[in-house]
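Biologist: I would like to learn how to read a protein model step by step. Could we go through it together, beginning with the whole chain and then turning to single features?

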Amino acid sequence: MSASLSSMGFASLVPSSTNLSSNMRDNRSLACFNHQNSFFCSTIAFPHTYASSSQLLPGLYPVKATVLKDVEEKVVVEETFQPKSFPDDEVRDSGEEAPGSSSYDMLERWVIKVEQSVNLFLTDTVIKILDSFYHDRHYARFFVLETIARVPYFAFISVLHMYESFGWWRRADYLKVHFAESWNEMHHLLIMEELGGNAWWFDRFLAQHIAIFYYFMTVFMYALSPRMAYHFSECVESHAFATYDKFIKTHGDKLKELPAPEIAVKYYTEGDLYLFDEFQTARAPYSRRPKIENLYDVFMNIRDDEAEHCKTMKACQTHGNLRSPHSIKEDTPEDDSGCVLSQAECEGIVDCIKKSITSPLER
């Protein structure tokens, strides 16, 4: 396999030499090449470089986008879309052919584009409703948002249980992770209630009725296209992340002077944190243990939770890609001679019915 420099990829990934310090130019070199329509970069370090040890690791690494936290912290949010941007646009802008163009299904690409267009329209509609009612009532807005945000996980579990009853789906990881996600969102809701977000009857009425509509809509969407339902949920979680991030940056100083709600302290720091680790599929268990000293810490951790939900919803959009963080350690047991259940699966109700007819499960 030959590796050639791609001028387009190199220009887009590496800053201009005028923006680099002389120290970096003298001691580091970044080589990029195109492999299977993906750009990869390899860092070549020379003696006396000021780069950290993590930057000097040998090998190849894919370039990923990150969202920076305030106060020098980072939270990685892997976005599956840019606003008003779709897969076809990315392919056209890069001047490359679609992946596997010889067998790539053009219809599938347009289906994805339609799904994402509908999702963006629905998300924008919900945001406009919230903006019109909750321009300066933050805790009430968060209460409504958290009431809505946990609904998709109920819907996912409902449909998966139906598939399981029919013998169409037998992957426990999805059920475990979605329940853990709903558990996390429930505690966000309890925190907002303790802060008084549900004080008005109108706020409770609006949130509960939107949630009822949202539940049945998500059940239908998930049965029709799990990919579309997961992407819509990612849109909602992405909006939640942006909302909390803006609130923290605007009111951070005041939040640091306020005490943390008791329910937040118990959830994040006490008891069994198995479910807290379970919904964070992009990180290893026990790798995140928040500290809660004031209300600022509470909102920082809620925001970080929403970022983890975004990454989990991204993983779900690739069929069969979701894994429980705890099940990874369980993949290589010392004694696997026990009963192993078949991992039946399908993608959407049409695919489930088709597979149940053409290749019924052995019982």
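**Reading the model together**

Modeller: The structure holds 13 salt bridges, and we shall look at some of them in turn, but please keep in mind throughout that this is a predicted model.

Biologist: How should I read the packing of two helices?

Modeller: In general, two packed helices are described by the angle between their axes and the distance between the axes. Here, helix 7 (residues 172-194) packs with helix 10 (residues 262-269) at an angle of about 155°, and their axes are 8 Å apart. Because of that angle, helix 7 is roughly antiparallel to helix 10, an angle over 145 degrees being what counts as roughly antiparallel. The residues making the contact include Trp183, His187 and Ile191 of helix 7, with Ile263, Tyr267 and Tyr268 among those of helix 10. The crossing of these two helices, helix 7 and helix 10, is left-handed.

Biologist: At what angle do helix 5 and helix 9 pack?

Modeller: Helix 5 (residues 138-149) and helix 9 (residues 226-255) pack at an angle of about 155°, with 12 Å between their axes. They are therefore roughly antiparallel to each other, helix 5 and helix 9. Helix 5 passes helix 9 in a left-handed crossing. On the side of helix 5 the contact is made by residues including Phe142 and Leu145, and on the side of helix 9 by residues including Tyr244 and Phe247.

Biologist: Are Asp245 and Arg303 buried or exposed?

Modeller: Both Asp245 and Arg303 are buried. For Asp245, the relative accessible area is 10%, and a residue counts as buried when this value is under 20%.

Biologist: Where is Arg288 found, and which residue is its salt-bridge partner?

Modeller: Arg288 is found in the loop between helix 11 (274-278) and helix 12. Asp305 forms a salt bridge with Arg288, the closest N and O atoms being 2.7 Å apart. Here again distant parts of the chain are linked, with Asp305 in helix 12 and Arg288 in that loop, 17 residues apart. Asp305 counts as buried because its relative accessibility is 0%, and Arg288 counts as buried because its relative accessibility is 8%. Salt bridges that share partners also join Asp245, Lys249, Arg303 and Asp304 into one network.

Biologist: Which residues is Arg288 in contact with, leaving aside its neighbours within four places in sequence?

Modeller: Among them are Tyr268, Phe276, Asp277, Asn301 and Glu308. For one of these, Asp277, the C-alpha atom is separated from that of Arg288 by 7.8 Å, and the two residues are 11 residues apart along the chain.

Biologist: What should I make of Asp297, and how far away is the nearest side chain of opposite charge?

Modeller: Asp297, which is found in helix 12 (residues 295-316), is buried yet has no salt bridge, and the nearest side chain of opposite charge, Lys291, is 5.8 Å away. Not counting residues up to four places away in sequence, Asp297 touches Lys291 and Ile292.

Biologist: Finally, how far apart in space are Val151 and Tyr215?

Modeller: Val151 and Tyr215 are 5.8 Å apart in space, C-alpha to C-alpha, although 64 residues separate them in sequence. Val151 lies in helix 6 (residues 151-165) and counts as buried at 5% relative accessibility. Leaving aside its neighbours within four places in sequence, Val151 is in contact with Ala211, Tyr214 and Tyr215.

Terms used: Residues numbered from 1 in each chain as written. Predicted model: local features only at pLDDT ≥ 70, side-chain atom pairs only at ≥ 80, totals over all residues. Heavy atoms only, no water. Helix = DSSP H or I, 4+ residues; strand = E, 2+ residues; numbered from the N terminus. Buried < 20%, exposed > 50% of the residue type's maximum accessible area, 1.4 Å probe, protein only. Lys, Arg positive; Asp, Glu negative; His and termini not counted. Salt bridge = Lys/Arg side-chain N within 4 Å of Asp/Glu carboxyl O. Contact = heavy atoms within 4.5 Å. Axes fitted to C-alpha atoms, helices over the stretch in contact; angles between N-to-C directions. Parallel < 35°, antiparallel > 145°, perpendicular 65-115°, else oblique. Left-handed = near helix turned anticlockwise from the far one by under 90°.
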